Amino acid sequence: MINRRIAAPLAGVLVGSSLLLVQPAAASPQASPVRPGAEKKPVAEGYGGAVSTVDLDASKVALGVLRQGGNAMDAAVAAAAALGVTEPYSAGLAGGGFIVYYDARRKKVHTIDGRETAPKAMGPTSLEGIPFEEAVTSGLSAGVPGSVAQWELALRKFGTLSLKQALRPSIELASRGFKVDQTFYDQTAANAARFKDFTSTAKLYLPGGAPPPVGSTFRNPELAETYRKLGKQGGGWLYGGALGAEVVATVKKPPVTPGSTRNVRPGLMELADLKAYRALERPPTKVTYKGMDVYGMAPPSSGGSTVGEALNILQVLPKVGEHEYLEASRLSFADRGKYVGDIPGVPLEELLSDGFAKERACLIGERALTSPVAPGNPDGTYGPCAPASSAEATPSAPEGPETTHLVVTDRWNNVVAYNITIESTGGNGIVVPGRGFLLNNELTDFTFGPAPGDPNLPAPGKRPRSSMAPTIVLDDGRPLLALGSPGGSTIITTVLQILVNRWDLGMSLPEALAAPRATQRNTPQTQAEQAFIDRYGAELTERGHSLVLNPEIGAATAVEFLRNGKLQAVAEPTRRGGGSALVVSERR
């Protein structure tokens with residue numbers, strides 16, 4: 001039986017072999033009670049809690065919190081802050097994200113929307129006609145940050161630590177520094193051309209005019225001080241306070257390097273936009289697949305609805321393989337583009353209904369459909385299968401390895417799946433002077449237009465549609481699996497493909513994550529990793545698919561509940577440099 005006790009406030013902190021009795025307010029998680037010299041490993045099995053992130057230091061921070069008596073939400077927030085130190089091009093306090101959380105005591109799944117918002121001054125034509133790359137590296141792309149408000153809400157509702165306590169390990173990590181690995185170097189080098197065009201960014205990430213070399217120690221004392229002050233003053237320091245004023249000043253007048261020829265557009269954010277921001281609790285999406293309940297994130301994320309619709313379609317089919325996976329994804333992406341956004345009246349119930357899934361599934365045959373496929377009509381009245389129709393092709397924004405994901409579970413079987421992002425790798429490229437963190441470029445997730453009727457056009461206070469898909473699966477009301485990934489809109493297909501690998505193709509969870517990937521998002525060509533093309537290319541080409549190389553898709557993290565209370569934490573073995581899976585104890 002699964003132990004469903006909820007975490008009590010920290011009454012004791014286990015350090016080595018000594019038990020230090022403290023009051024809850026004095027709880028003080030430290031950065032790393034794991035063995036010195038521990039290396040990044042993609043799979044860990046054990047008991048008492050587990051964590052998987054893309055980064056060893058962040059996983060150590062989460063594990064430290066768990067070992068000292070914190071619960072899954074405490075550990076997740078602490079790890080997210082740590083990723084703002086060691087994965088600053090994917091996560092940070094000026095970004096946002098989505099949390100899907102299983103509360104073991106109440107046996108209920110919750111979600112917290114920390115998605116960034118558009119400033120009040122932004123309208124449907126604000127991005128129209130601007131080249132994508134020019135929009136990214138600008139103040140105009142910066143959305144009102146959501147992460148800090150999300151952290152505070154998550155800790156207040158479901159944690160046992162204060163924000164100040166949760167930030168302590170990351171303050172230490174930013175102060176003492178971390179070892180630069182190949183991924184950090186490569187991401188810095190890929191951004192160097194734009195980083196050098198901002199004085200604050202070049203100072204931090206291009207010391208001496210070049211990326212920090214692999215093996216060197218990278219320190220960020222400015223971020224340490226920012227976290228320290230944020231812990232003391234709370235979120236109000238950002239949402240209407242002095243830090244917020246600094247963010248707004250940077251957005252409205254980016255610190256462009258003298259002599260730079262880059263056209264850097266100023267942004268529209270005002271302090272009032274920060275004051276108005278709220279993180280929100282929302283009902284999760286839910287579908288049942290093969291008797292298991294799959295929970296995800298509702299709009300403004302399209303992750304829960306698109307993964308859920310595709311699973312419903314697959315459940316109708318007599319067999320499921322790579323062809324069926326690609327076709328279900330193709331159809332669900334057609335419906336995503338038509339109906340899902342941060343707007344009233346998203347037909348979520350019908351998009352996730354069995355009737356709509358049957359109507360869409362009947363379009364899948366032996367040969368690939370021709371994209372772009374037209375969306376279906378989730379109107380509640382479903383009849384016989386009609387021939388598939390085509391839609392007008394629309395250009396899609398470039399995708400990359402942006403964003404990150406972590407999973408945490410604790411001794412009480414609370415579970416967190418958490419996608420964190422500043423959008424593109426490196427955000428908008430602008431570090432807030434003296435504060436040690438990059439701004440997001442989240443507003444480029446909006447449709448640029450002109451696109452009349454598009455549910456994802458910008459609007460005042462609107463949250464751009466996201467593809468982030470943190471997912472928790474329950475079996476008979478108990479947690480079975482939690483997973484998610486970075487990768488733009490390939491997040492959805494990565495999560496879906498892992499679930500198909502695990503449940504339909506008979507792979508173990510480590511095999512399901514490591515398997516080669518392909519992503520079909522209602523586009524004429526299916527992007528695929530080379531190993532996928534080598535394994536399935538001939539068969540799929542014969543069935544009408546057109547495959548094109550995408551060297552690397554996603555960077556997933558996951559945890560599965562095995563029998564007798566055993567946990568299996570899983571990260572990528574190689575993608576994005578490989579991830580880090582850890583467990584509290586390898587033995588009971």
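These legends go with a few close-up views of the structure above. The model is predicted, so local features need pLDDT of at least 70 and side-chain atom pairs count only at pLDDT 80 or more, while totals for chains, interfaces and linings use all residues. Residues are numbered from 1 along each chain as its sequence is written, and side-chain values use heavy atoms, leaving out hydrogens and water.

**View 1. A mixed, open sheet has the strand order E15-E16-E17.** Helices (H or I, at least four residues) and strands (E, at least two) are DSSP runs, numbered from the N terminus. Two strands pair if DSSP finds at least two bridges between them. E15 (518-519) and E17 (547-549) each have a single partner strand, so one side of each lacks a neighbour in the sheet. E16 (residues 526-528) runs parallel to E17, joined by 3 bridges; alanine 528, for example, has leucine 549 in E17 as its bridge partner.

View 2. Rings of Phe, Tyr and Trp (its six-membered ring) pair if their centres lie within 6.5 Å; planes under 30 degrees apart are stacked, over 60 edge-to-face, the rest tilted. Tyrosine 89 sits in the loop between helix H2 (72-86) and strand E4 (96-103), and phenylalanine 195 in helix H6 (residues 182-195), so the pair ties together parts 106 residues apart in sequence.

**View 3. Tyrosine 205 and phenylalanine 218 form a stacked pair.** Their rings are 5.6 Å centre to centre, with 10 degrees between the planes. Both residues belong to one aromatic cluster that also includes Tyr89 and Phe195.
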